Amino acid sequence: MEISSVLGCGLSRHAFACPLLTLIPSGPPSTARASDSQFTYETKALVKETDTEPPSSAAPASAKKRHLYLARKAAVLELQQSPDLNSALQRLGGILKAQDLNVIIRDLGKLRRWQDVSQLFEWMQQNEKINVASYSTYIKSMGKNLNPIKALEIYNSIPDESTRANVFICNSILSCLIRNGKFDSSIRLFDKMKRDGLAPDIVTYNTLLSGCIKVKHGYSKAIELVKELKYNGLQMDSILYGTLLAVCASKNLCHEAQGYFDQIRDEGHLPNLYHYSSLLNAYSSDGNYKKADELVREMRSTGLVPNKVILTTLLKVYVRGGLFEKSRELLTELEAVGYAGDEMPYCLLMDGFSKAGCIDEAKSLFDEMKKKGVKSDGYAHSIMIAAFCRAELFEEAKLLAQEFEDKYNKYDLVMLNTMLCAYCRAGEMESVMKIMKKMDELAISPDYKTFHILIKYFCKEKLYILAYRTLEDMHGKGHQPEEELCSSLIFHLGRTKAHSEAFSVYNMLRYGKRTMCKALHEKILHILISGQLLKDAYVVVKDNADLISQPAIKKVATVFMKKGNINLINDVMKVIHGSGYKIDQAIFQVAISRYIEHPEKKELLLQLLQWMPGQGYFVDSSTRNLILKNLQLFGRQLTAETLSRHQMISKTSRSV
């Protein structure tokens, strides 16, 4: 299991007073942070909602106004605590303003009462107690609820175009999409927003930049966004640079990260702990511990004190550099200052040990961690299960997976894949099915690794049709299977006479983005011939003739002339000839004999006979006699003229 990009990401930002609305975070949602506010721009409130503040002592309010304020405040509190939101709204909703209700939406979201959040927002819409902040707050809540579809539905339903182009609302929906892994969708929506009048701000670009951390071509897209924001007259600041550093670190771009770090100082910004941790994270990609140590010394010289994130990231650099003794010393230091209260530092070192083949050291550290009562969410189990599988200690991996199931009721895709691998390698079919059921119950979608594990397991168990169906599902979800796995499955499907399924797997590779091995074309030809799928075999030769051997082409031609679709015989002849193979008399004789057996195909026979001389072919004497015996079926004069041309070609050939 790879441990990466979960460290070194946290950036505090000065908070502006915003009593009723916390703006959306624009930093990467899955990154470990010191607090939820880190890596966040907190700007001025969307709407100045001063009516919720008590009257100022400098300007005394009337008793009636103060009474109304206290009534609204009490109503907000009651609604927040009410187990029956609908009933409470009927009694108290009339005195509340949009800004009061926005506060309740935010607080219900913090309590993860998502159904109540949606119910309240619908009530606000029906009673026209809604403003810009209402949309932004609700969309933000749907992002936390992992419900981007609902958030998009609300955004698209905003009737007023200028409201829909409001920068705060746009930032909220873009952040919601990115938080839920919909980066491509966020970019498409961003382009549409600009066409519809959005004037993006620094928060918008930082939100989109943070999405570049998790996507394949994130760095190139990040550079495009930086160029665009500068073109729009915006300037890079320390937070944008921090996000850009995180993108570089996630793509292992040490040189680029160093360049941006230098730019931060050149432009007069002071690097903070987040910038240092991101650059350290970049150094970890190749275990550059010398630069890492130098960077930490520089950081200390500026007066910054390394925090938990910095020291843990430095540990990762040491582990990647193979400095296990130094890693052990740093782990002891982390323990001494109270930074090793959770499992992450131990997991980093265990992962390094296991990948270096030091399984005993990894197991010893795992046992030590459990003995010390270190807080764990099960990630350490995942590391060790993967380590046991890597060391082919499948029984130990299975037992540890069972221990995890007994101890924790918390699953994610990484953990499920790790357990699935352990059970598959141990041959525990019942446990494999149990994990698959668990994924369905938790609505966790399988990824490439899940499918790959299952297909290999089903092949090992000789469940080739099940492996094929799993591959179909994998391909249908947009994952490109690897050739080695597909080639093995094609072979086994062919041996078990699942010829159509084998050809389907071949086509998944053929129309994929990866380059196929030349031998695979010939392998599928033999399977198709064996299964009498001769039309498909003809298509394979037609599309890949230059990659197929002459003996294989001859075999296709011979079998097709005997058993293939008679209407395609002439087409096959032309393809075979075009491949460079010299068609012999036996193949022509078989084809002509089939035509004679089907007089209704006389036009096809005449076309073949007329085509042959132009390519240097002629019928031999036995085939000629066969045609003459059936002359009445095809027309004497035309057939005689055609055969005369064949005789001329024959004489010329013999004279040569």
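Tutor: Let's begin with how helices are named: they are DSSP runs of H or I with at least four residues, strands are runs of E with at least two, and both are numbered from the N terminus. Ala443, for instance, sits in the loop between helix 23 (429-441) and helix 24 (448-460). Keep in mind that this is a predicted model, where local features need pLDDT of at least 70, side-chain atom pairs count only at pLDDT 80 or more, and totals for chains, interfaces and linings use all residues. Residues are numbered from 1 along each chain as its sequence is written, and side-chain values use heavy atoms, with hydrogens and water left out.

Student: Why is Ala443 called exposed?

Tutor: The labels go by relative accessible area: buried is under 20%, exposed is over 50%, and partly exposed is in between (1.4 Å probe, protein chains only). Ala443 has 67%, so it counts as exposed. Its phi is also positive, near 55°, in a residue other than glycine.

Student: What makes Arg112 exposed?

Tutor: Its relative accessible area is 56%, so Arg112 is exposed. You'll find Arg112 in the loop between helix 3 (98-110) and helix 4 (114-126). Arg112 isn't a glycine, yet has a positive phi of about 60°.

Student: Which residues gather with Arg112 in a patch of positive charge?

Tutor: Lys110, Lys144 and Arg179 gather with Arg112 on the surface. Lys and Arg count as positive and Asp and Glu as negative, while His and the chain ends are not counted. Patch members need over 30% relative accessible area and no salt bridge; like charges are joined within 9 Å, and nonpolar side chains (Val, Leu, Ile, Met, Phe, Trp, Tyr) within 5 Å.

Student: What makes Lys194 and Asp191 a salt bridge?

Tutor: A salt bridge is a side-chain nitrogen of Lys or Arg within 4 Å of a carboxyl oxygen of Asp or Glu. The closest N and O atoms of Lys194 and Asp191 are 3.6 Å apart, and that makes the pair a salt bridge. Both residues lie in helix 9 (residues 183-195), 3 residues apart, about one turn of the helix. Lys194 has 27% relative accessible area, so it is partly exposed, and Asp191 at 32% counts as partly exposed too.

Student: How many salt bridges are there in the whole structure?

Tutor: The search finds 25. One of them joins Glu224 and Lys221 at 3.2 Å, N to O. Glu224 and Lys221 both lie in helix 11 (residues 218-231), 3 residues apart, about one turn of the helix. Glu224 has 44% relative accessibility, so it counts as partly exposed.

Student: How do you know that Lys372 and Glu368 meet in a salt bridge?

Tutor: Their side chains come to 2.9 Å, N to O, and that meets the cut-off. Both belong to a network of salt bridges that also links Arg328 and Glu335. Lys372 has 47% relative accessibility, so it counts as partly exposed.

Student: Why do such side chains pair?

Tutor: Side chains of opposite charge can pair when their charged atoms come close.

Student: What makes the link between Asp293 and Lys326 a polar contact?

Tutor: A polar contact is a pair of N or O atoms within 3.5 Å; within protein, one must be able to donate a hydrogen and the other to accept it, and residues adjacent in sequence count only if both atoms are side-chain atoms. The side chains of Asp293 and Lys326 are joined at 3.0 Å. Asp293 lies in helix 15 (residues 289-301), and with a relative accessible area of 15%, it is buried.

Student: How do you know that Ile239 is buried?

Tutor: Ile239 has 1% relative accessibility, so it counts as buried. Ile239 lies in helix 12 (residues 238-250). Ile239 and His275 are 36 residues apart in sequence, and their C-alpha atoms are 8.8 Å apart in space.

Student: Why is Phe353 called buried?

Tutor: Phe353 has 7% relative accessibility, so it counts as buried. Phe353 is in helix 18 (residues 344-355). Its C-alpha is separated by 7.9 Å from that of Phe324, 29 residues apart along the chain.

Notes:
Areas by Shrake-Rupley, 256 points an atom, 1.4 Å probe, with all protein chains shown as cover. Charge placed at Lys NZ, Arg CZ, Asp CG, Glu CD.
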